[in-house]
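Work through the exercises below with the sequence and the model open. Try each task before you read its solution.

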Amino acid sequence: MLWSYSTYSPVTMSFSGKYQLESQEGFVEFMKAVGLPDDMIEKGKEIKSVSEIEQNGDQFKVTVTTGAKVLTNSFTIGQEAEIETLTGEKIKAVVNKEGNKLKVILNKITSVTELVDGNTLVNTLTLGSLVYKRISKRLA
């Protein structure tokens, strides 16, 4: 590891910033399982989405821009909020924070977003045995 404990404090890291998708694993299988049409899956494979996170204490606003589609969700940690999913469905859910991880369960999908270091955001979506992993790097 290149960082030392004196400069790395997971308690104080903020999620705030813009992150661009660098790589993803399990996209096609996962999107088919959640019911996304094949044409949208094909288009989505090549698009490098940008996620913008605004964090103010326990309040979050997350905007994901994928091509022309913009998905915005606002929530407060530990409080029920209406979250829009990848398929456009709106679900009431509670987002919890565990260290540098944001965790929410939407229907049968578990989403964990982890700030691995100051510049890398890993989002892992799990549906049964299917796993869709997205790795994004900080832009700003």
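Residues are numbered from 1 along each chain as its sequence is written, and side-chain values use heavy atoms, with hydrogens and water left out.

**Exercise 1. Confidence**

Find where pLDDT stays under 50.

Step 1. Start with the average: pLDDT (the predictor's confidence in each residue, from 0 to 100) is 88 for the protein. At least 70 is reached by 91% of the residues.

Step 2. Now look along the chain. Residues 1-10 stay under 50. For this stretch the model has five contacts (heavy atoms within 4.5 Å) beyond four places in sequence.

Step 3. Read with care: where pLDDT is low, the predicted coordinates should not be read in detail.

**Exercise 2. Overall fold**

List the elements, then test the size of the protein against the globule rule.

Step 1. Count two helices and 11 strands. Both are DSSP runs, numbered from the N terminus: helices are H or I with at least four residues, strands E with at least two.

Step 2. From the N terminus, the run is β-α-α-β-β-β-β-β-β-β-β-β-β.

Step 3. The C-alpha trace spans about 50 × 35 × 30 Å along its principal axes.

Step 4. Check burial. Of the 140 residues, 33% are buried (under 20% relative accessible area, with exposed over 50% and partly exposed in between; 1.4 Å probe, protein chains only).

**Exercise 3. Strand β8 and its partners**

Which strands pair with β8, and in what sense?

Step 1. Take β7 (residues 96-98). It pairs with β8 (at least two DSSP bridges make a pair) in the antiparallel sense over three bridges. N96 stands opposite K103.

Step 2. Inspect the turn. β7 and β8 form a hairpin with two residues between them, and G99 there has a positive phi of about 65°.

Step 3. Go on to β9 (residues 109-117). β8 and β9 pair in the antiparallel sense over six bridges. I105 stands opposite T110. This hairpin also has two residues between its strands, and N107 in the turn has a positive phi of about 55°.

Step 4. Sort the side chains of β8 (residues 101-106). L102, V104 and L106 make the covered face, while K101, K103 and I105 make the uncovered one. In a regular strand the side chains alternate between the two faces of the sheet.

**Exercise 4. An aromatic pair**

Classify the pair formed by F15 and F60.

Step 1. Apply the cut-offs. Rings of Phe, Tyr and Trp (its six-membered ring) pair if their centres lie within 6.5 Å; planes under 30 degrees apart are stacked, over 60 edge-to-face, the rest tilted. The structure holds four aromatic pairs.

Step 2. Read the geometry. F15 and F60 are 5.8 Å apart centre to centre, with 70° between the planes, which is edge-to-face.

Step 3. F15 lies in the segment before β1 (17-25) and F60 in strand β3 (residues 59-66), so the pair ties together parts 45 residues apart in sequence.

Step 4. Check cover. F15 is buried at 0% relative accessible area; F60 is buried at 3%.

Step 5. Ring pairs link F15, F60 and F75 into a cluster.

**Exercise 5. One serine**

Is S51 buried or exposed?

Step 1. Locate S51 in strand β2 (residues 50-56).

Step 2. Read its accessibility: at 8%, S51 is buried.

Step 3. List its contacts. Beyond neighbours within four places in sequence, S51 touches G17, K18, Y19, T63, V64 and R134.

Notes. This is a predicted model: local features need pLDDT of at least 70, side-chain atom pairs count only at pLDDT 80 or more; totals for chains, interfaces and linings use all residues.
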